[in-house]
Amino acid sequence: MTIIKNHTSEIMKGKICMITGANSGIGKATAIGLAKMGATIVMVCRNKKKGEKALEDIKKESNNGKVNLSIADLSTQEAIHQLVKDFKERYQYLHVLINNAGVNLSKRVLTEDGIETTFAVNYLAPYLLSNLLLDILQTSSPARIVNVASSVIAKSINFENLNGEKHYRQLNAYGQSKLALILFTYEFARRIEGMGVTINCLHPGYVKTNMIRNFRKFVKYFFPFIGLFMKSPKKGAKTSIYLASSPEIQGVSGKYFKKRKEVELAEVSYDQEIVKRLWNVSVDLTNHDVERKKVFS
Ligand SMILES: NC(=O)c1ccc[n+]([C@@H]2O[C@H](COP(=O)([O-])OP(=O)(O)OC[C@H]3O[C@@H](n4cnc5c(N)ncnc54)[C@H](OP(=O)(O)O)[C@@H]3O)[C@@H](O)[C@H]2O)c1
């Protein structure tokens with residue numbers, strides 16, 4: 001009898017992948033996809049109960065027992081530092097970091113650190129996590145960072161209202177946080193070039209997930225209809241999985257992808273003045289800079 005082996009099935013064997021927001025939607029589907037390829041998955045979730053339930057589902061659906069759970073609320077920087085500390089105590093390597101967790105909040109809510117939550121979770125958490133994990137990613141080289149961004153991006157970043165202190169609009173706060181994530185992806189790629197770690201970002205498409213829960217009532221009302229035209233989380237996870245695992249992407253860095261294809265974005269995403277300002281703000285807000293850590297030496 002001839003056994004036909006699926007070549008993609010084991011390509012992530014021996015690889016450790018951290019996925020934030022892995023208990024639902026795109027993150028959970030990404031975890032299942034990579035676990036099916038043999039990866040060891042480290043799920044990062046804020047809610048233990050939800051995380052444990054998803055962990056069992058991921059193990060069952062992927063038929064891979066190497067799925068572990070870390071609890072961290074990514075809206076607080078102390079939790080991010082603790083997450084990284086615990087991870088480094090437990091693991092020697094990290095091959096893939098997927099910054100997937102995200103929120104889209106209808107109201108302005110400040111985090112424990114006094115930062116507007118959308119900006120804190122969608123942008124500052126990936127910034128800080130990527131910086132703090134850079135050394136272990138470098139040790140595990142070739143390693144990859146994948147940032148789940150969006151195609152909903154703001155026209156610019158309003159540094160005078162970054163914390164929503166003057167006014168808060170849901171779509172703008174979300175679009176601004178995703179633009180910041182894209183700008184960070186390009187800039188970080190430039191700063192870590194040659195270190196054996198790549199970083200890319202993506203738009204997953206419009207995907208039927210829990211993201212809707214914080215939308216205004218009228219959007220929720222139409223959701224059953226709109227939802228008919230949205231992708232399943234499994235389809236929405238395809239580009240994340242591709243960027244995390246495909247040999248085609250080896251060495252590719254600082255790019256934005258849609259449907260597994262590289263796409264050029266509006267000029268604002270490459271604006272060096274905005275990047276410089278954003279980097280300085282990020283260093284101030286997190287007290288962490290890649291160059292300060294001397295990771296280049
Ligand atoms: N769905 C779309 O159409 C779409 C389009 C473009 C981009 N995206 C992006 O795709 C990513 C995944 O979203 P999704 O659509 O799959 O929505 P989702 O099902 O709501 O997943 C979001 C995940 O992020 C987690 N999360 C939120 N705040 C957190 C925090 N403070 N600490 C730790 N984890 C936190 C959530 O945990 P809880 O379950 O505990 O809340 C959940 O696991 C997001 O970055 C989103 O912006 C989605």
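**Cysteines, ligand shell, salt bridges and backbone geometry**

Cys201 is buried, with a relative accessible area of 0%. The model in which this residue is described is a predicted one. The cysteine sulfur closest to that of Cys201 belongs to Cys17 and lies 18 Å away, which is too far for a bond. Cys17 is likewise buried, its relative accessible area being 0%. For the sulfur of Cys17, the closest cysteine sulfur is that of Cys45, at 15 Å, and this distance is again too far for a bond. A disulfide is a covalent bond that joins the sulfur atoms of two cysteines. The cut-off applied to a pair of cysteine sulfur atoms is 2.5 Å, and by this rule the count of disulfides is zero.

The surroundings of the ligand were examined next. The ligand is surrounded by 30 residues, and the closest are Asn23, Ser24, Arg46, Tyr174 and Thr209. Sorted by class, this shell comprises 13 nonpolar, twelve polar and five charged residues. In Thr209, a polar side-chain atom lies 2.6 Å from an oxygen atom of the ligand. On its own, the ligand has 880 Å² of accessible area, of which the protein covers 97%. The elements contributing two or more residues to the shell are helix H1 (25-36) and helix H5 (170-191).

Attention then turned to charged side chains. Side chains that carry opposite charge can pair when their charged atoms come close. Eleven salt bridges were found in a search of the whole structure. One of them links Lys13 with Glu10, whose closest N and O atoms are 3.9 Å apart. Lys13 counts as exposed, at 55% relative accessibility, while Glu10 is partly exposed, with a relative accessible area of 36%.

A further salt bridge is formed by the side chains of Lys53 and Asp57, with an N to O distance of 3.0 Å. These two residues are four positions apart in helix H2 (residues 48-62), so about one helical turn separates Lys53 from Asp57. Lys53 is exposed, its relative accessible area being 54%. Lys53 and Asp57 also belong, together with Lys28, to a network of salt bridges.

In helix H5, Arg191 and Glu187 are four residues apart and are therefore separated by about one helical turn. Arg191 and Glu187 form a salt bridge in which the closest N and O atoms are 2.8 Å apart. Both Arg191 and Glu187 are buried.

Most peptide bonds are trans, and phi is negative in most residues other than glycine. Ser141 and Pro142, however, are joined by a cis peptide bond with omega of about 0°. Pro142 is located in the loop between helix H4 (117-139) and strand E5 (143-148).

A positive phi, near 60°, occurs in Asn63, a residue other than glycine. Asn63 is placed in the loop between H2 and strand E3 (67-71), and this residue is exposed, with a relative accessible area of 73%. Lys259, also a residue other than glycine, has a positive phi near 45°. The loop between strand E7 (256-258) and strand E8 (261-263) contains Lys259, which counts as exposed at 66% relative accessibility.

Methods: Residues numbered from 1 in each chain as written. Predicted model: local features only at pLDDT ≥ 70, side-chain atom pairs only at ≥ 80, totals over all residues. Heavy atoms only, no water. Near = heavy atom within 4 Å. Polar contact = N/O pair within 3.5 Å; in protein donor to acceptor, adjacent residues only side chain to side chain. Areas by Shrake-Rupley, 256 points an atom, 1.4 Å probe, with all protein chains shown as cover. Nonpolar A, V, L, I, M, F, W, Y, C, P; charged D, E, K, R; others polar. Salt bridge = Lys/Arg side-chain N within 4 Å of Asp/Glu carboxyl O. Buried < 20%, exposed > 50% of the residue type's maximum accessible area, 1.4 Å probe, protein only.
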